[in-house]
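Good morning, colleagues. I would ask you to look at the sequence and the structure first, and then I shall walk through the parts one by one.

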Amino acid sequence: MKIAVVTDSTAYLTKEELAELNVYVMPLSVIFGQETYREDIDISSEEFYAKVKSSSIFPTSTQPPVGETYELFRELAKDYDAIIPITISSGISGTYQTCVAVADDMKDEVPIYPIDSGISCAPQARAVKLAAVMAKSGEYSPSEIVETVQRLVDRTTAYFIVDDLSNLQRGGRLSAGAALVGSMLKIKPILTFVDKKIVPFEKIRTQQKAMKRIEQLFADETGTTDGDGYELVIIHANAPEAGEAWRQKMQEQYPKLRTSLAYFGPVVGTHLGEGALGFSWDIVQEKNLEK
């Protein structure tokens, strides 16, 4: 049985990863006034953050057009027996709901099994990679892949540190007064996903203290002393040096931990802002496939 795995652009998989894993992508877009840019097609991450600095317009984001989703799925239906789209959290985008609606409308053409990642970026990519490995092996049915990926999604842990509170305020997640006071006090809120939405977890004074708090959460929740059996990804919003420094610190502290560096692209950047850092972990991929 041939199974197509689809994701959206906010998983931020590289072209090499997409080709190797045979994953198809639905691009989301960012909007500056009357100008719309498909992320990683019309605008790169670096170009986006530069444009944010130079523009007086606060960017917004939009999901893939419904017509393009139909077009992609109908094209895939010619060569595949089933389609599994894994999307950005339904709490911050309508992409998942669109896939559900299209799946229902196309149920007589091809079975489609949408999965809401409940998150975005590298943690979403982790779910996509797992689904793609399973699909490529030819050893699993669509329902087995969905069940395995859903278990990963349900236990996904991720925390984020925002460098600038203005994006949260503009996006309606923080009042103007709270943002002003927070900036004056150098508060770096730790955010997480709850019920598929970005919400404040704790308010911490200074970025270094916020990072130490997240490191403590990792130690407490995993109980590991050397990182064996776990993988960690550090995510940055146009702050590769800061992200890499944190990754190296964790690698030195936990020698057997599998670490990697990823980035927040344009769409997620509209929510978190430049300088944001993310920290997400899970058991290593092969453990997800143990029966």
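**The nonpolar core and its surroundings**

This is a predicted model, and I begin with its largest nonpolar core, which has 28 residues; Val30, Phe160, Phe264 and Leu272 are those with the most contacts inside it. At least two residues of this core come from each of β3, α2, α5, β8, β9 (187–194), β11 and α11 (266–272). The element that gives the most is α11, with three residues. As a general remark, nonpolar side chains in soluble globular proteins tend to be buried together.

Let me turn to the sheets. There is an open sheet of six strands, with mixed pairing and the order β10-β9-β8-β13-β11-β12. At its edges are β10 (197–205) and β12, each of which pairs on one side only. Direction ignored, neighbouring strands of this sheet are turned by 20° against each other on average.

β11 and β12 run parallel, paired over six bridges, and isoleucine 234 stands opposite leucine 261 in β12. β9 and β10, by contrast, pair in the antiparallel sense over eight bridges. There, threonine 192 stands opposite valine 199 in β10. The hairpin of β9 and β10 has two residues between the strands, and in this hairpin aspartate 195 takes a positive phi near 50°.

Strand β3 (residues 29–32) runs antiparallel to β4, and four bridges join them; the bridge partner of isoleucine 31 is threonine 36 in β4.

I come now to helix α10 (residues 240–253). Its 14 residues reach 20 Å from the first C-alpha to the last, close to the 20 Å expected at 1.5 Å a residue. Which residues of α10 are buried? They are Gly243, Trp246, Arg247 and Met250. These residues lie on the same side of α10, because they cover an arc of only 100° around the axis. In general, an α-helix has 3.6 residues a turn, so residues three or four places apart point the same way. The buried residues of α10 pack against β8 (157–161), α9 (207–222), β11 (230–236), β12 (258–263) and β13 (277–283). On the face turned away from the buried side, α10 carries the exposed residues Glu241 and Glu252.

Tyrosine 12, in the loop between β1 (3–8) and α1 (15–21), has a positive phi near 55°. Is tyrosine 12 buried or exposed? With a relative accessible area of 7%, tyrosine 12 is buried. Asparagine 22 lies in the loop between α1 and β2 (23–26), and its phi is also positive, near 60°. At 37% relative accessibility, asparagine 22 counts as partly exposed.

Conventions: Residues are numbered from 1 along each chain as its sequence is written. This is a predicted model: local features need pLDDT of at least 70, side-chain atom pairs count only at pLDDT 80 or more; totals for chains, interfaces and linings use all residues. Side-chain values use heavy atoms; hydrogens and water are left out. The expected span of a helix is 1.5 Å times one less than its number of residues. Buried means under 20% relative accessible area, exposed over 50%, partly exposed in between (1.4 Å probe, protein chains only). The arc is that of the directions from the helix axis to the C-beta atoms. Contact means heavy atoms within 4.5 Å. Two strands pair if DSSP finds at least two bridges between them. Axes are lines fitted to C-alpha atoms, for helices over the stretch in contact, and angles run from 0 to 180 degrees between N-to-C directions. A nonpolar core is a set of buried Ala, Val, Leu, Ile, Met, Phe, Trp, Tyr and Cys residues joined through side-chain atoms within 4.5 Å.
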